[in-house]
Amino acid sequence: MPAPKNVFKQALKEGRVQIGLWQGLTTGYAVEICAGTGYDWLLIDGEHAPSDIPMLSEQYQAAMHSGSHPIVRQTGLGLGAFPTLLDVGFQTLLIPMVESREQAEALVKATRYPPHGVRGVGAAMARASDYSRIPDYLETANEEICLLVQVESRAGLAALDEIAALDGIDGIFIGPADLAADMGYLGRSGSEPVQAAIADAFTRIRAHGKAPGILTGDAALAKRYEQQGAQFIAIGIDVMLLASACEKQLAAFHAAKPVEGPVGDKVY
């Protein structure tokens, strides 16, 4: 029996657009709620959200049997946490701030077993192998790993073609906020020069047969990114959605008029 099929990786290979949601609330409970809404993938954030590995593991568990594929974002380029994240069960990783082919090559090696990489062999005690119940896990795991790297600086754009040409890189996520800041447009990722750089990056990524990805909370802009060739698109962040819903609820109360007559109250 082989390693579990990575349905997200398969979808990228087949050219199917995958719509995702960012997870920053750091709890399995929040992930479980979002996993039931029909998104193709959920990004469980270990960079800007305060999640350590046990918390990431809990959030993975909340999504693992849903229809939403769990992806983990690991802070920085430190490779030491990768074996643990893979053993926890994650098959798709998103790594921020990649700016060179050399960095990308190191990431590919860190996520594969020898002879193709340097991932430590300890899956017998891990969820990834269903605690040794998947007898062919070691022989088949490499094929199901999906490695996504973030290009979000001018240096990254300069090295984009070298990164995209590398075997073992499945997709490249353009980080609009950091890219805008590095280009001199802090907080203005919608600026025309930034948007032009993003569109050009999508074209270059696809020319190498790889999948471009991006995040935006603007539905119309997400549609434009899709038209421009983005293949995995996150269209919101759970933290911001919760904050927005709470604000709208309070505003609705202040704007409401008292009801008269019989009511159908629904507390829960």
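This is a predicted model: local features need pLDDT of at least 70, side-chain atom pairs count only at pLDDT 80 or more; totals for chains, interfaces and linings use all residues.
Me: OK, so which residues form a nonpolar patch on the surface?
Reply: L25, V239, M240 and L242 do, and together they have about 340 Å² of accessible area.

Me: Where does V239 lie, and is it buried or partly exposed?
Reply: V239 lies in helix α12, residues 238-255. Its relative accessibility is 37%, so V239 counts as partly exposed.

Me: Let's go inside. How many residues has the largest nonpolar core?
Reply: That core has 44 residues, and I172 and I174 have the most contacts inside it. Helix α10, residues 192-207, gives the largest share of this core, with six residues.

Me: What does I174 touch?
Reply: Leaving out residues up to four places away in sequence, I174 touches V151, L179, I198, A201, F202, I205, G213 and I214.

Me: Switching to rings. How many aromatic pairs does the structure hold?
Reply: Nine aromatic pairs. One of them is F8 with F232, an edge-to-face pair at 6.0 Å centre to centre, with 80° between the planes.

Me: Which parts of the chain does that pair link?
Reply: Distant ones: F8 is in helix α1 (residues 7-13) and F232 is in strand β8 (residues 232-237), 224 residues apart. Both F8 and F232 are buried.

Me: What about F202 and Y225?
Reply: F202 and Y225 also form an edge-to-face aromatic pair, 5.8 Å centre to centre and 85° between the planes. F202 lies in helix α10 and Y225 in helix α11 (residues 219-227), so this pair ties together parts that are 23 residues apart in sequence.

Me: And why do F202 and Y225 count as buried?
Reply: The cut-off is under 20% relative accessible area. F202 has 0%, so F202 is buried. Y225 has 1% relative accessibility, so Y225 counts as buried too.

Me: Which residues form one aromatic cluster?
Reply: F8, W22, W41, F173 and F232.

Me: On to charges. How many salt bridges turn up in the whole structure?
Reply: A search finds twelve. One of them joins the side chains of E47 and R73, at 3.1 Å from N to O.

Me: Where do E47 and R73 lie?
Reply: E47 is in the loop between β2 (41-46) and α3 (53-63), and R73 is in strand β3 (residues 69-74), so the pair ties together parts that are 26 residues apart in sequence.

Me: Buried or partly exposed, those two?
Reply: E47 has a relative accessible area of 25%, so E47 is partly exposed. R73 has 6%, so R73 is buried. D45, E47 and R73 are also linked in a network of salt bridges.

Me: What do R119 and D87 do?
Reply: Their side chains meet in a salt bridge, 2.9 Å from N to O. That pair links distant parts of the chain: R119 in the loop between α5 (101-110) and α6 (137-144), and D87 in helix α4 (residues 82-88), 32 residues apart. R119 is buried, and D87 is as well.

Me: How about R204 and D200?
Reply: The R204 and D200 side chains meet in a salt bridge at 3.5 Å, N to O. Both residues lie in helix α10, four residues apart, which is about one turn of the helix. D200 has a relative accessible area of 39%, so D200 is partly exposed.

Me: What phi does Y131 have, and S132?
Reply: Y131 has a positive phi of about 55° although it is not a glycine. S132, also not a glycine, has a positive phi of about 75°.

Me: Where are they?
Reply: Y131 is found in the loop between α5 and α6, and S132 has its place in that loop too. Y131 is partly exposed at 42% relative accessible area, and S132 counts as partly exposed at 43%.

Definitions and conventions. Residues are numbered from 1 along each chain as its sequence is written. Side-chain values use heavy atoms; hydrogens and water are left out. A nonpolar core is a set of buried Ala, Val, Leu, Ile, Met, Phe, Trp, Tyr and Cys residues joined through side-chain atoms within 4.5 Å. Buried means under 20% relative accessible area, exposed over 50%, partly exposed in between (1.4 Å probe, protein chains only). Helices (H or I, at least four residues) and strands (E, at least two) are DSSP runs, numbered from the N terminus. Contact means heavy atoms within 4.5 Å. Patches are made of residues with over 30% relative accessible area and no salt bridge: like charges are joined within 9 Å, nonpolar side chains (Val, Leu, Ile, Met, Phe, Trp, Tyr) within 5 Å. Accessible areas come from the Shrake-Rupley method with a 1.4 Å probe; for residues, only the protein chains shown count as cover. A salt bridge is a side-chain nitrogen of Lys or Arg within 4 Å of a carboxyl oxygen of Asp or Glu. Rings of Phe, Tyr and Trp (its six-membered ring) pair if their centres lie within 6.5 Å; planes under 30 degrees apart count as stacked, over 60 as edge-to-face and the rest as tilted.
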